[in-house]
Amino acid sequence: WNTRHCWYNYPYQPLTTDLHYYYILELSFYWSLMFSQFTDIKRKDFGIMFLHHLVCIFLITFSYVNNMARVGTLVLCLHDSADALLEAAKMANYAKFQKMCDLLFVMFAVVFITTRLGIFPLWVLNTTLFESWEIVGPYPSWWVFNLLLLLIQGLNCFWSYLIVKIACKAVSRGKVSKDDRSDIESSSDEEDSEPPGKNPHTATTTNGTSGTNGYLLTGSCSMDD
């Protein structure tokens, strides 16, 4: 909890086995995200997500090589904390459990904004920018590391804006009808189309697209981290 310990005796800090495997797991996860993005549904923020995955891969590798595993683990834990709630909210949405989806989305939004706009800049960025400067002083990789962390923080602000935007629409409409990032480019869009002759008011699609392709039919849960 004392972030100054991230820099005491740096760079001669032992790398424990659990941190080693945690880093390997995280690195493999972000590599998989980067490749699967090309086969997933195309969204408006495709370029931003691709940049995010590249920066994450570089940060994980860079911090491991430079033995910044202590502060790197803090960054990873904070950014992982909201992911489980997001995926659970998506599953509730696809299963059409509306109340559960709404509850999980609210919990996700609170955790996401608290960790990424509160704890991350005030706790982690504070130690990488100021405490590290005080204890070990600036060095060439210090500048690269903090520049990438600031870039991540900029992306956090962008996604927080999207979450707040969805929440505001939910308040005004009673529910969120779509993920603002979505550009649907999938042949599966027509799978849930209503057969001819049915009452259009009973349709389960919005603008001809299905809920699993970026649009939220009844929930607020189609955000990707």
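These notebook entries record what I looked up in a predicted model of one protein chain.

**Entry 1. Overall composition**

I began with the secondary structure, which comes to 6 helices and 0 strands. Along the sequence I read the pattern as α-α-α-α-α-α. The chain has 225 residues, and 45% of them count as buried. I then turned to the contacts in the chain with a separation of 6 or more, and found that 76% of these are accounted for by residues 24 or more positions apart.

**Entry 2. Helices α5 and α6**

I describe two packed helices by the angle between their axes and the distance between the axes. Helix α5 covers residues 98–135 and helix α6 covers residues 140–173. For this pair I noted an angle of about 160° and an axis separation of 10 Å. Since angles over 145 degrees count as roughly antiparallel, α5 and α6 are therefore assigned to that class. I recorded the crossing of α5 and α6 as left-handed. The residues of this contact divide into 21 nonpolar, 6 polar and 1 charged.

**Entry 3. Helices α3 and α5**

Next I looked up how α3 packs against α5. The angle is about 175°, with the axes 11 Å apart. By the cut-off used in the previous entry, α3 and α5 are therefore roughly antiparallel to each other. From α3, the residues Val71, Leu74, Val75, Leu78 and His79 take part. They meet Thr115, Arg116, Ile119, Phe120, Trp123, Val124, Thr127 and Thr128 in α5. I noted the division of the residues in this contact as 8 nonpolar, 4 polar and 1 charged.

**Entry 4. The nonpolar cores**

Which residues have the most contacts inside the largest nonpolar core? I found Leu59, Val71, Phe120, Phe145 and Leu149, in a core of 29 residues. The elements giving two or more residues to this core are α1 (17–36), α2 (46–65), α3 (69–80), α5 and α6. The largest share, 6 residues, comes from α2.

Val71 touches Cys6, Trp7, Val124, Thr127, Thr128 and Phe145. I also recorded a second, separate core of 17 residues, which includes Ala92, Leu104, Phe105 and Ala109.

I checked Arg116, which lies in helix α5. Its relative accessibility is 1%, and a residue under 20% is called buried, so Arg116 counts as buried. Arg116 is also among the α5 residues that meet α3.

I then checked Glu26, which lies in helix α1. At 6% relative accessibility, Glu26 falls under the cut-off of 20% and so counts as buried. Apart from neighbours within four places in sequence, Glu26 is in contact with Ile60, Leu76 and Asp80. Glu26 and Ile60 are 34 residues apart in sequence, and their C-alpha atoms are 7.9 Å apart in space.

**Entry 5. Backbone exceptions**

Most residues other than glycine have a negative phi, and most peptide bonds are trans.

Where does Asn9 lie, and is it buried or exposed? Asn9 is placed in the segment before α1. Its relative accessibility is 53%, and over 50% is called exposed, so Asn9 counts as exposed. Asn9 has a positive phi of about 65°, although it is not a glycine.

In the segment before α1 I also located Pro11. A cis peptide bond joins Tyr10 and Pro11, with omega at about 5°.

Lys96 is not a glycine either, and it has a positive phi of about 65°. I placed Lys96 in the loop between α4 (83–94) and α5. With a relative accessible area of 57%, Lys96 is over the cut-off of 50% and is therefore exposed.

Notes:
Residues are numbered from 1 along each chain as its sequence is written. This is a predicted model: local features need pLDDT of at least 70, side-chain atom pairs count only at pLDDT 80 or more; totals for chains, interfaces and linings use all residues. Side-chain values use heavy atoms; hydrogens and water are left out. Axes are lines fitted to C-alpha atoms, for helices over the stretch in contact, and angles run from 0 to 180 degrees between N-to-C directions. Helices (H or I, at least four residues) and strands (E, at least two) are DSSP runs, numbered from the N terminus. Angles under 35 degrees count as roughly parallel, over 145 as roughly antiparallel, 65 to 115 as roughly perpendicular and the rest as oblique. A crossing is left-handed if the near helix is turned anticlockwise from the far one by less than a right angle, and right-handed if clockwise. Ala, Val, Leu, Ile, Met, Phe, Trp, Tyr, Cys and Pro count as nonpolar, Asp, Glu, Lys and Arg as charged, and the others, Gly among them, as polar. A nonpolar core is a set of buried Ala, Val, Leu, Ile, Met, Phe, Trp, Tyr and Cys residues joined through side-chain atoms within 4.5 Å. Buried means under 20% relative accessible area, exposed over 50%, partly exposed in between (1.4 Å probe, protein chains only). Contact means heavy atoms within 4.5 Å.
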